[in-house]
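Colleague: Before we turn to the features, could you take me through how strands, helices and chain contacts are read in a model like this one?

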Amino acid sequence: MRVACVYLTQPSPAVLEFAEACLRLTPQVAIGERAIFLEIGGCEKLYSEKTFSLRIQALLKRFMVSARVALANDIPTALALAKYQAATSAALCREDLPIEALQLYASPFKQTDSLAKVIGLMRALGLRTLEDALVLPRKQLASRFGKEAILALHYVDFAQSLPWPRFAPRAKIIEASEVDDAYLVRELEPILFLLRGLVDRALLRLRGQGKLVTAFEVRIFQENYSTVKQPKRSWSIELSFPVGSVLSLLSILRDRIEFALQREPLESAVTRVEVEIVNSVLGQGRQTDFFSKKEQEAESLQAVFARLTERLGEGRAFMAKAVESYVPERSWQKTYAESDRLQIRLPLRPLRILKKPQEIQKIDNYFVHRNKKWKVSELLGPERLSGEWWMKDQERDYYRVKTESGDELWVYSLSGAQQYYLHGVFD
Amino acid sequence: MSTKAALSLDELKSLVGIKAPKETFDFSLLHEGVPKGAITEVIGNGKTEFALALLAEHPETRVAWIEESLSVYPFGFLQRNVQLGRVLFVESGTETCWSALQVLKAQVFQIVVLYSESLGLSHLRKIQLAAEKSQAAVLWLTPESRALWPVSLQVQVSRNVSYTPGDEAEGLTGQVLRRRY
């Protein structure tokens, strides 16, 4: 076992959030009164202790938590090393820990003073370090210091067997930031600046659970004067693809909030900003391939999809796939996945197709449509197509019309009827 | 032309800021190739076939196809040997310029095809700068010639009337009307 202790040098409101983000580094996390413990012995193949320290420092910075980090083979020793390290400039080891560290072995998760009397007695007798206490003959402990001393040293001997309290991340992920009145925040850029930190922390917590966001909500609270009609403004954003990148989300947020504030500016200064993760999905656990950019490209592609969909609307950015149908307008479908199989062999189709076929008149050797006239130079066809019987489709006879002006039209008539319809253009 | 005049022309070009594209996509219908990092305006009958022919000759590229009102027929792509899995279709409405900038900034698409009549000078300039940065080839399909200065290459496509339907690209010819590099 190898335990890392993150000892808070100052109380912080973001401790639980930080612990949730740490789940990304190891599944075994425990929280004490002023410390967070991470079991990293099982992760030695993923990262070294040095890498771990750097990553933890980066996480601490992002959550604005001030803490010291120490590594040891058990929880109490790691806690004691983290707590007492700052007092000395030299690197501490277990034996050098002050005698007061015994209290941490007795109760590493909660601050108590159950051993205060024993420690006081030991101090009075000239014992200064933990090592001094450990070399005392055990048979004499009870008579000199009471049964508490035996228990204390028992905790030290069996520190590695200490059970870990359960830690579970909270179901809702909400990050919030209060804004000082003095800053009078009403513009887009400072709001985005605040949101950046909140989104970053929310995604870190989500990543700790191995998830990506698919829907989130942003709420802005304004000063509630009597003239303010809407003190709370909120935007719910649903993503086409799960996203794990701060930049992608921020760019979507920028578009949405900028558009909203242009139409309806804020009426008073912002007092609070919140980000809530509404929906998430399990992200695929994968390692980046150093030799190809596939994952990066896939993520960039998804980010573009999300931005385009957010701005243009659902279904306006898509890929396409062929569908087995003889009816031209049903021969393809929108999709977000790659699919290229073409099962049926057909004569060449035009590249431009009207969303709805339009009536076109055939007068002698001319086709006339909305004040436009084409003289037919060649008529190829017919190609008879019929759809699915349950859709009650009529048979269509398609013709490829080559005209003297160079345009090529794709027209059809319903079987047995004289009326023609313009369906596409070979451009 | 004197040396002094030639130098002045180069200085003017560098002042305007259009850099000469260094690379091109080889293309059987265009001897000069299609420049990367620049806008190529394509006009004439068969311009969509022309674009498809370029995509078919470069199957490794990822393509963004942006139209104000989408009228392109994806099924026709498959018949012209363009795999649909590599094409992102975007119906942009009035946001054609914005959509083009987003796909270019992503730097995932090597070819961007725009079908729009409403792109103005400022839009094209923004698109040209984004294309230069991402080194993507932008094909701008228009019904008629606009001859705006951010366009590096202007191509007139025409169909050979006597071609046999079946291999559409065979019946096309591309003629360079204007080149700015």
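Colleague: How many bridges join strand β8 of chain B to β9(B), and do they run parallel or antiparallel?

Modeller: This is a predicted model, in which local features need pLDDT of at least 70 and side-chain atom pairs count only at pLDDT 80 or more, while totals for chains, interfaces and linings use all residues. Residues are numbered from 1 along each chain as its sequence is written, with chains lettered from A and ligands numbered from 1 in the order in which they are written. Helices (H or I, at least four residues) and strands (E, at least two) are DSSP runs numbered from the N terminus, and two strands pair if DSSP finds at least two bridges between them. Here, seven bridges join β8(B), residues 151-159, to β9(B), and the two run antiparallel; in β9(B), V176(B) is the bridge partner of V155(B).

Colleague: Which strands form the open sheet, and in what order?

Modeller: Nine strands form it, with mixed pairing, in the order β10(A)-β9(A)-β5(B)-β4(B)-β6(B)-β7(B)-β3(B)-β8(B)-β9(B). Its edge strands, each pairing on one side only, are β10 (332-335) of chain A and β9 (172-179) of chain B. Between the chains, β9(A) and β5(B) pair in the antiparallel sense over two bridges, and F318(A) has F89(B) in β5(B) as its bridge partner.

Colleague: At what angle do helix α1 of chain A and helix α9 of chain A pack?

Modeller: Axes are lines fitted to C-alpha atoms, for helices over the stretch in contact, and angles run from 0 to 180 degrees between N-to-C directions. For α1(A), residues 15-22, and α9(A), residues 188-208, the angle is about 50°, with the axes 6 Å apart. That makes α1(A) oblique to α9(A), because angles under 35 degrees count as roughly parallel, over 145 as roughly antiparallel, 65 to 115 as roughly perpendicular and the rest as oblique.

Colleague: How many residues of chain A are in contact with chain B?

Modeller: Two residues are in contact if their C-beta atoms, placed from the backbone, lie within 7 Å; by that criterion, 35 residues of chain A are in contact with 36 residues of chain B. On the side of chain A that touches chain B, α11(A) gives the most, with nine residues. By class, that side has 18 nonpolar, five polar and 12 charged residues, where Ala, Val, Leu, Ile, Met, Phe, Trp, Tyr, Cys and Pro count as nonpolar, Asp, Glu, Lys and Arg as charged, and the others, Gly among them, as polar.
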